[in-house]
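Have the sequence and the 3D view ready as you read.

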Amino acid sequence: MFDARPQHNDQHREYLRHRTQQFRQQVQRRLDGSLTEEEFRPLRLKNGVYLQLHSYMYRVAIPYGALTPDQLRMLGHVAERWDRGYGHFTTRTNIQFHWHKLVDIPDSMEALNSVGIHSIQTSGNTIRNVNADAFAGAADDELEDPRPWAELIRIWSTDHAEFQFLPRKFKISVSAGKQDRSAVSAYDIGLRIVERDGQRGFQVWVGGGLGRTPYLGQVIRDFLPQADLLPYLEAILSVYNLTGRRDNKWKARIKITVAERGLDVFRADVEAEFAQRRQQFSGLDQEILRDLRARFAPPEFRDAPVQGYEAARAANGAFRSWTDTNLHPHRIPGYASVIVTLKAPGATPGDMSAEQMRLVADLAERLAHGDIRVNHDQNLVLPHVRKADLPELYEALRAVGLATANFGKITDIISCPGMDYCTLATARSIPIAQDIAAHFRARGLEDEIGEMKIRISGCINACGHHHLGHIGILGLDRAGVENYQITLGGDGYETPTLGQRAGAGFPADQVVPAIDRLVDAYLELRESPDERFLDAYRRLGVAPFKAALYPADA
Amino acid sequence: MSKGFTPSPATPGVITANDLRMGHCVWMRDGRWTADPRAAELFEDEAIAELALLDAVSQADLVVGPYLVEAKRGADGRPEPAHFREAFRRSGPTHKHFQQAEAEASHV
Ligand code: HEM
Ligand code: SF4
């Protein structure tokens with residue numbers, strides 16, 4: 001085990017220095033011919049370096065989405081110095097730089113290391129970046145801050161010798177609110193912090209995952225005492241490591257292991273292993289946790305009168321609309337969490353320029369206790385902002401195109417990079433997202449429609465979580481032409497549901513008209529403006545929406 | 001994607017890869033690599049294409065992942081992409097922000 005936030009810790013800094021030096025030598029050996037591509041590829045992937053359609057892509061982890069201003073500034077610096085001036089935030093709260101040159105990556109890596117970020121285990125069959133609620137430490141419905149737990153998992157899983165060659169990649173997410181905001185059912189392991197009879201613990205979900213055979217996770221342990229977390233995780237991982245399939249890449253995720261063996265059999269193995277593992281934990285993890293809790297102590301909240309905020313809301317309609325849409329309730333009165341959507345009309349979902357990164361870093365330092373998060377929807381969050389400071393924050397964000405009032409709306413679309421970047425893609429996804437957003441912005445319908453989650457993936461791997469979209473869109477190649485399949489009724493959160501395929505796919509230029517018909521049907525059919533698209537779909541079933549999508553068949 | 005593809009006069013092919021150091025797309029012509037897709041050599045003969053591909057694979061110090069892929073002969077005799085994936089590899093990303101950013105960059 002090594003300690004976390006490297007800027008506080010020499011041992012970790014030394015570890016990162018060593019790793020980056022090692023990678024620099026590996027690149028050198030690839031260039032001078034002493035390593036073949038076959039030998040080099042797994043080494044570069046272990047460091048988050050992919051080769052995409054037009055360039056190398058460098059994927060950097062943002063553990064549980066948390067960034068300091070210095071770190072965000074450094075991401076901006078890297079974007080400018082070694083990339084094309086922007087980065088792409090993903091649903092897994094990584095950032096991907098799409099235009100790195102192989103020869104530059106060791107320098108870029110070293111720069112990131114200087115502020116404690118790295119790309120270790122952002123690829124390969126290892127435990128990947130841990131996700132947590134973006135409103136951690138701020139949300140009004142939170143039982144406790146999930147970040148110390150997420151950090152504990154990160155410390156434990158990084159370079160964990162036993163879990164470097166798992167059957168397949170492994171993703172963990174932690175949720176702490178009464179509402180699940182971390183899509184725990186879509187992860188290999190999902191953890192919900194819960195309380196039973198006054199005791200804190202975890203509800204443990206296992207076997208979720210999307211991709212070509214999507215599965216929602218199942219509850220393997222309804223209540224796990226908090227102190228047992230690491231031995232229990234270790235038990236799940238070790239059972240998976242031994243029983244997960246290695247003969248077929250498409251059947252190697254834990255979702256298949258659990259589905260094939262059955263949850264009860266899998267659980268029995270895990271419990272037996274857990275009984276053993278538990279003995280091996282000496283309590284060091286709990287000591288580390290105590291330190292982490294101190295490190296994630298809340299900032300010193302300052303009271304400030306909110307009259308100015310209320311007056312600004314009354315005076316400025318655009319500001320009011322932004323505060324109606326892009327704020328999340330904070331546990332401290334007089335504070336709010338702000339969602340900075342990276343979804344301005346015409347923008348690429350999740351993309352952020354170096355200039356915007358610097359500006360948000362400065363604003364976070366000045367107005368948001370220096371705390372920045374990346375959320376699951378490819379947006380940024382400033383978790384702690386005094387309401388009194390919101391007018392100033394809004395104006396500053398607006399100046400760089402970051403004050404779009406559309407969080408959770410039809411224009412706040414998750415999209416994977418698709419065939420504009422990705423070698424695995426079967427079709428493009430970003431331009432579809434842009435067209436849909438531009439269309440509904442032009443129709444002025446975002447507020448009228450209310451909450452609507454559109455999710456787009458450029459292939460069956462489902463990086464855009466399309467199965468969990470209220471409307472999901474999957475780009476395919478049908479006889480050499482891009483074609484888009486629509487799924488309906490997916491939900492990643494409170495009532496996890498996989499979307500159902502609506503019918504035949506649409507050519508690219510027919511996607512917007514199809515979504516338009518769907519939305520019109522919904523507006524027509526809903527019982528009241530409070531009934532979301534998803535609710536109306538659940539009430540009415542697929543038939544009326546299918547009729548809207550395929551009027552010729554009706 | 002090039003699996004099973006056999007070039008012929010009716011369905012010619014090009015050999016393409018990514019540059020090892022920089023990552024950008026490159027195409028083969030006379031055993032060397034060019035970043036200009038329109039300068040790529042069109043292979044119409046299976047045996048010649050196979051030999052060229054062997055040569056491409058042997059140049060692992062310069063390129064990554066070379067493959068033979070179908071192309072079309074354009075009106076000017078130069079290669080045109082046969083599939084949209086190859087068209088995007090030639091054009092670069094197509095989405096708006098990217099092109100706007102590029103256009104703005106070229107105006108300064
Ligand atoms: C070079 C780019 C990428 C590659 C090669 C890639 C590859 C893959 C593959 C092969 C899968 C399927 C795994 C399986 O079913 O076993 C997958 C799933 C996934 N990826 Fe990606 N991905 C890329 C980019 C992204 C991006 C940009 C995001 C976020 C926007 C992302 C997030 C996810 C998520 C959420 C899943 C589904 C959840 C799961 O089952 O793991 N990936 N990816
Ligand atoms: S869903 Fe497919 S196209 Fe999109 S990023 Fe993942 S692998 Fe690439």
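A salt bridge here is a side-chain nitrogen of Lys or Arg within 4 Å of a carboxyl oxygen of Asp or Glu. Across the interface of chain A and chain B that rule finds 1 salt bridge: the side chains of B:Lys96 and A:Asp435 meet at 3.2 Å, N to O.

Before going further, some ground rules. This is a predicted model, where local features need pLDDT of at least 70, side-chain atom pairs count only at pLDDT 80 or more, and totals for chains, interfaces and linings use all residues. Residues are numbered from 1 along each chain as its sequence is written, chains are lettered from A and ligands numbered from 1 in the order in which they are written, and side-chain values use heavy atoms, with hydrogens and water left out.

Back to the interface. Chain A puts 34 residues into the contact and chain B 25 residues, with contact meaning heavy atoms within 4.5 Å. About 2,400 Å² is buried between the two chains, and carbon and sulfur atoms give 59% of that. (Buried area is the accessible area, with a 1.4 Å probe, that two parts lose on being put together, summed over both.) On the chain A side, A:Leu53, A:His54 and A:Met419 lose the most area to chain B, together 22% of what that side buries.

Helices (H or I, at least four residues) and strands (E, at least two) are DSSP runs, numbered from the N terminus. The expected span is 1.5 Å times one less than the number of residues.

| Helix | Residues | Length | First to last C-alpha | Expected span |
|---|---|---|---|---|
| H3(A) | 69-82 | 14 residues | 20 Å | 20 Å |
| H16(A) | 511-525 | 15 residues | 21 Å | 21 Å |

Buried means under 20% relative accessible area, exposed over 50%, and partly exposed in between (1.4 Å probe, protein chains only). The buried residues of H3(A) include A:Leu72, A:Met74 and A:Trp82, while those of H16(A) include A:Ile515, A:Asp516 and A:Tyr522.

Most residues other than glycine have a negative phi. A:Tyr64, though not a glycine, has a positive phi of about 40°, and A:Ala479 has one near 50°. A:Tyr64 sits in the loop between strand E2 (56-61) and strand E3 (66-67) of chain A, and A:Ala479 in the loop between strand E18 (471-478) and strand E19 (481-488). Buried or exposed? A:Tyr64 is buried, at 1% relative accessible area, whereas A:Ala479 is exposed, at 83%.
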